[in-house]
Amino acid sequence: MKCSKCGFENSENAIFCEKCDWKLGETYIPEMRVNKSIFNYVTLIVGIAAAALAFFESTYMVGTILGAIGLILGGYSFNVPRLMNAENKNVLMLMSGIGMILSVFAFIYGIYQMVA
């Protein structure tokens with residue numbers, strides 16, 4: 001029986017693949033590899049956009065909303081480089097940190113404009 005994961009030809013009475021230990025008879029669906037460092041770039045871009053929009057009277061609501069999104073996204077993306085052991089993790093964490101700081105300023109200033 002041929003293994004659906006590695007293609008190794010096993011004996012007919014085998015339950016698991018002798019090469020990769022995959023359970024024979026089950027279809028193997030390879031997991032997609034996603035470059036998770038994209039979240040760091042997006043956090044920085046959202047932070048910059050939120051800060052830029054929050055200081056204009058006509059777009060401060062959009063800046064406030066983007067600031068909230070940047071805070072949520074930044075909380076996740078700040079830890080991504082540490083979890084995936086990226087080689088440039090300090091740069092990615094710095095990008096997320098700057099994006100989060102800009103998002104905080106945009107969110108607070110947007111709330112201030114709503115109240116005032």
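Me: Why are α1 and α2 called roughly antiparallel to each other?

Reply: In this predicted model, α1 and α2 pack at an angle of about 155 degrees. Angles over 145 degrees count as roughly antiparallel, and α1 and α2 are therefore given that name. Their axes are 8 Å apart, and the crossing of the two helices is left-handed.

Me: Which residues make the contact of α1 with α2?

Reply: On α1 they include F39, V42, V46, A50 and L53; on α2, L66, G70, L73 and Y76 are among them. By class, this contact has 12 nonpolar, 7 polar and no charged residues.

Me: What makes the pair of F39 and Y76 edge-to-face?

Reply: The ring centres lie 5.1 Å apart, and rings pair if their centres are within 6.5 Å. The planes stand at 90 degrees, and planes over 60 degrees apart count as edge-to-face, so the pair gets that label. The count by this rule comes to 4 aromatic pairs.

Me: Why does the pair of F39 and Y76 tie together parts that are 37 residues apart in sequence?

Reply: Because F39 lies in helix α1, residues 38-54, while Y76 lies in helix α2, residues 60-77.

Me: How do you know whether F39 and Y76 are buried, exposed or partly exposed?

Reply: Buried means under 20% relative accessible area and exposed means over 50%, with partly exposed in between. F39 has 29%, so F39 is partly exposed. Y76 has 40% relative accessibility, so Y76 also counts as partly exposed.

Me: Which residues form one aromatic cluster?

Reply: The cluster is made of F55, Y109 and Y112.

Me: How do α2 and α4 cross?

Reply: The axes of α2 and helix α4, residues 89-115, come within 7 Å and cross at roughly 145 degrees. The crossing is left-handed. Among the α2 residues in contact are Y60, M61, G63, L66, G67 and L71, and α4 brings residues including M100, V104, F107, I111 and M114. The residues of this contact divide into 11 nonpolar, 11 polar and no charged.

Me: Why does I108 count as exposed?

Reply: I108 has 54% relative accessibility, and exposed means over 50%, so I108 counts as exposed. I108 lies in helix α4.

Me: How many residues apart in sequence are I108 and A52, and what is their C-alpha to C-alpha distance in space?

Reply: I108 and A52 are 56 residues apart in sequence, and 13 Å separates their C-alpha atoms.

Note on methods
Residues are numbered from 1 along each chain as its sequence is written. This is a predicted model: local features need pLDDT of at least 70, side-chain atom pairs count only at pLDDT 80 or more; totals for chains, interfaces and linings use all residues. Side-chain values use heavy atoms; hydrogens and water are left out. Rings of Phe, Tyr and Trp (its six-membered ring) pair if their centres lie within 6.5 Å; planes under 30 degrees apart count as stacked, over 60 as edge-to-face and the rest as tilted. Helices (H or I, at least four residues) and strands (E, at least two) are DSSP runs, numbered from the N terminus. Buried means under 20% relative accessible area, exposed over 50%, partly exposed in between (1.4 Å probe, protein chains only). Axes are lines fitted to C-alpha atoms, for helices over the stretch in contact, and angles run from 0 to 180 degrees between N-to-C directions. Angles under 35 degrees count as roughly parallel, over 145 as roughly antiparallel, 65 to 115 as roughly perpendicular and the rest as oblique. A crossing is left-handed if the near helix is turned anticlockwise from the far one by less than a right angle, and right-handed if clockwise. Contact means heavy atoms within 4.5 Å. Ala, Val, Leu, Ile, Met, Phe, Trp, Tyr, Cys and Pro count as nonpolar, Asp, Glu, Lys and Arg as charged, and the others, Gly among them, as polar.
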